[in-house]
Amino acid sequence: MASTSKTAAIIGGVSTVVGGGITAYGYNRYSLANNMISAQSGLDSLFGSSDSSRKTISIWEGRLDNYKIVIVIGAIILVIGVILLASGVIGLGSDKKKSASSQPKTQPKANNKMAELKELDELKDAGYITPDEYDAKRKNILGL
């Protein structure tokens, strides 16, 4: 399951970058086309309109429509990428929680009493437990 979540996160990250790039490219080209139309219209107002200038404006207007489509496609890829990235990251987090909770808790072995007592001494010496708690836990470990 972690593999699926990791894959979704990777694909989501890549899609987010690609979608953002496509959207930025489309916006850049759209702005350029708009500027070209404005420039040609400005020239027409100064020098008069001709068939070639109308044709130039028509070509750039057609490109505007194409760049709008590029922007929309880029935005769609971007949104899908963000969704995949988020679901992958959320899935990775839940997979870690599942794996941590599914691991069996190891119980101290009977022959490991010395290590437990040593750890208990360290807790008492560090001031994490009171002497009464120390005595109670020590008796519990020794079975008294």
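Select S15 to begin: at 18% relative accessibility, this residue counts as buried, because buried means under 20% relative accessible area, with exposed over 50% and partly exposed in between (1.4 Å probe, protein chains only). The model is predicted, so that local features need pLDDT of at least 70 and side-chain atom pairs count only at pLDDT 80 or more, while totals for chains, interfaces and linings use all residues. Residues are numbered from 1 along each chain as its sequence is written, and side-chain values use heavy atoms, with hydrogens and water left out.

Next, display the helix around S15. S15 lies in helix α1, residues 2-47; helices (H or I, at least four residues) and strands (E, at least two) are DSSP runs, numbered from the N terminus.

Move on to residues 131-142, which form helix α4. Helix α4 has 12 residues and reaches 16 Å from its first C-alpha to its last, close to the 16 Å expected at 1.5 Å a residue; the expected span is 1.5 Å times one less than the number of residues. Select G143, which follows α4 and has a positive phi, near 75°.

Finally, show the whole protein chain. Four helices and zero strands are present, in the pattern α-α-α-α along the sequence. Of the 144 residues, 18% count as buried. Among contacts with a separation of 6 or more, 76% come from residues 24 or more positions apart. The accessible surface (Shrake-Rupley method, 1.4 Å probe) comes to about 10,400 Å², of which 62% belongs to carbon and sulfur atoms.

Methods. Contact = heavy atoms within 4.5 Å.
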